[in-house]
Amino acid sequence: GGPPIFDGTPGTLLPAVTVDRSDKECAEGWNFTRSPETALRIGGLWPDGWPSRLWKIETDQPVVERGDKCRASQLVMVREAIREELENAVTALHRPLQDPDIVSSVLLWRDALARPEWDAEHVEVSLREALEARGLDWTLQQYDTAWDVWDVRDAWDAWDVRDVWDVRDVWDVRDVWDVWDVRDAWDAWDVRDALAVEFASHRGWTNHNPMLLTTGIRDAHHHGLAVAVPTGDNTLGWAMIDCNDDGTVHAYYRGSNL
């Protein structure tokens with residue numbers, strides 16, 4: 001609760017906080033890492049379904065370092081990482097996978113989840129492409145808000161249909177995909193599923209088309225999709241993100257990785 005303590009202005013000095021100086025790896029204090037790829041691994045690439053933000057920080061306070069995490073009583077938010085630095089960090093994070101195509105896909109997903117455009121008609125066309133790619137002859141039902149979609153979804157208890165939408169037989173593959181820490185946002189899980197299918201297909205672990213769960217959906221997010229989930233028999237409910245009166249995307253401030 002309370003007002004934001006950081007509005008994204010470079011050079012901001014964060015307020016002083018208490019620092020836990022025990023041996024705990026995660027504890028009180030402003031937490032940060034020494035490498036950008038570690039910050040992305042811990043903080044997530046899209047922890048709330050929106051791309052996280054990577055910042056360079058400095059501190060003149062004593063640093064408590066435990067494992068790959070650091071903490072101090074105050075930090076200066078020097079500047080946000082430029083595109084080249086972000087791409088290098090994402091590449092380093094995924095180096096163990098030895099799959100350059102996945103790195104490219106991750107960057108494309110991060111761009112798409114920023115929802116740089118707002119075009120409901122384009123989203124509907126993209127969702128039809130997604131249904132066709134999955135071999136589903138479903139009806140599309142647009143709702144005014146994402147909350148409306150979830151209300152209908154919660155009232156309709158048929159999780160077996162989700163198995164069809166998500167291609168359930170690749171979820172075991174997703175379990176070994178430990179690069180991301182995404183738990184709370186549905187669209188974050190959608191992305192993780194899509195990348196798991198792509199990677200598993202590249203490795204020959206599944207016979208699915210690598211783009212099976214990416215076709216249409218990534219493009220829909222790019223153009224403002226908030227959520228798309230089964231809401232009834234052979235029905236995909238969907239809604240757009242909020243936008244300004246002129247149709248432009250809200251410049252929401254999102255949490256940052258340090």
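**View 1. Asn234 counts as partly exposed, at 44% relative accessibility.** The cut-offs put buried under 20% relative accessible area and exposed over 50%, with partly exposed in between (1.4 Å probe, protein chains only). This is a predicted model, in which local features need pLDDT of at least 70 and side-chain atom pairs pLDDT 80 or more, while totals for chains, interfaces and linings use all residues. Residues are numbered from 1 along each chain as its sequence is written, and side-chain values use heavy atoms, leaving out hydrogens and water. Asn234 sits in the loop between β8 and β9 (235-240). Its phi is positive, about 55°, although Asn234 is not a glycine. Most residues other than glycine have a negative phi.

**View 2. Gly232 lies in strand β8.** Strand β8 covers residues 225-232. Helices (H or I, at least four residues) and strands (E, at least two) are DSSP runs, numbered from the N terminus. Gly232 has a relative accessible area of 11%, so this glycine is buried. Ala155 is 77 residues away along the chain. The C-alpha atoms of Gly232 and Ala155 are separated by 9.5 Å.

**View 3. Arg115 is a buried loop residue with a positive phi.** The loop joins α3 (100-113) to α4 (120-133). Arg115 has a relative accessible area of 1%, so this arginine counts as buried. Its phi is about 45°. Arg115 is not a glycine, yet its phi is positive.

View 4. Leave aside residues up to four places away in sequence, and Ala220 touches Val123, Ser126, Leu127 and Leu225. Here contact means heavy atoms within 4.5 Å. Glu129 is 91 residues from Ala220 along the chain. The C-alpha atoms of Ala220 and Glu129 are separated by 9.7 Å.

**View 5. Helix α1 packs against helix α2.** Helix α1 spans residues 36-43, and helix α2 spans residues 83-93. Their packing angle is about 70° and their axes lie 8 Å apart. That angle makes α1 roughly perpendicular to α2. Axes are lines fitted to C-alpha atoms over the stretch in contact, with angles from 0 to 180 degrees between N-to-C directions. Under 35 degrees is roughly parallel, over 145 roughly antiparallel, 65 to 115 roughly perpendicular, and the rest oblique. On the α1 side, Pro36, Glu37, Leu40 and Arg41 make the contact. On the α2 side, the partners are Leu86, Ala89, Val90, Ala92 and Leu93.

**View 6. Helix α1 has buried residues, and Gly44 follows it.** Thr38, Ala39 and Leu40 are the buried residues of α1. Leu40 is also one of the α1 residues that meet α2. Just after the helix comes Gly44. Its phi is positive, about 100°.

View 7. The chain has 258 residues, and 47% of them count as buried. Take the contacts between residues at least 6 apart in sequence. Of these, 72% join residues at least 24 apart.
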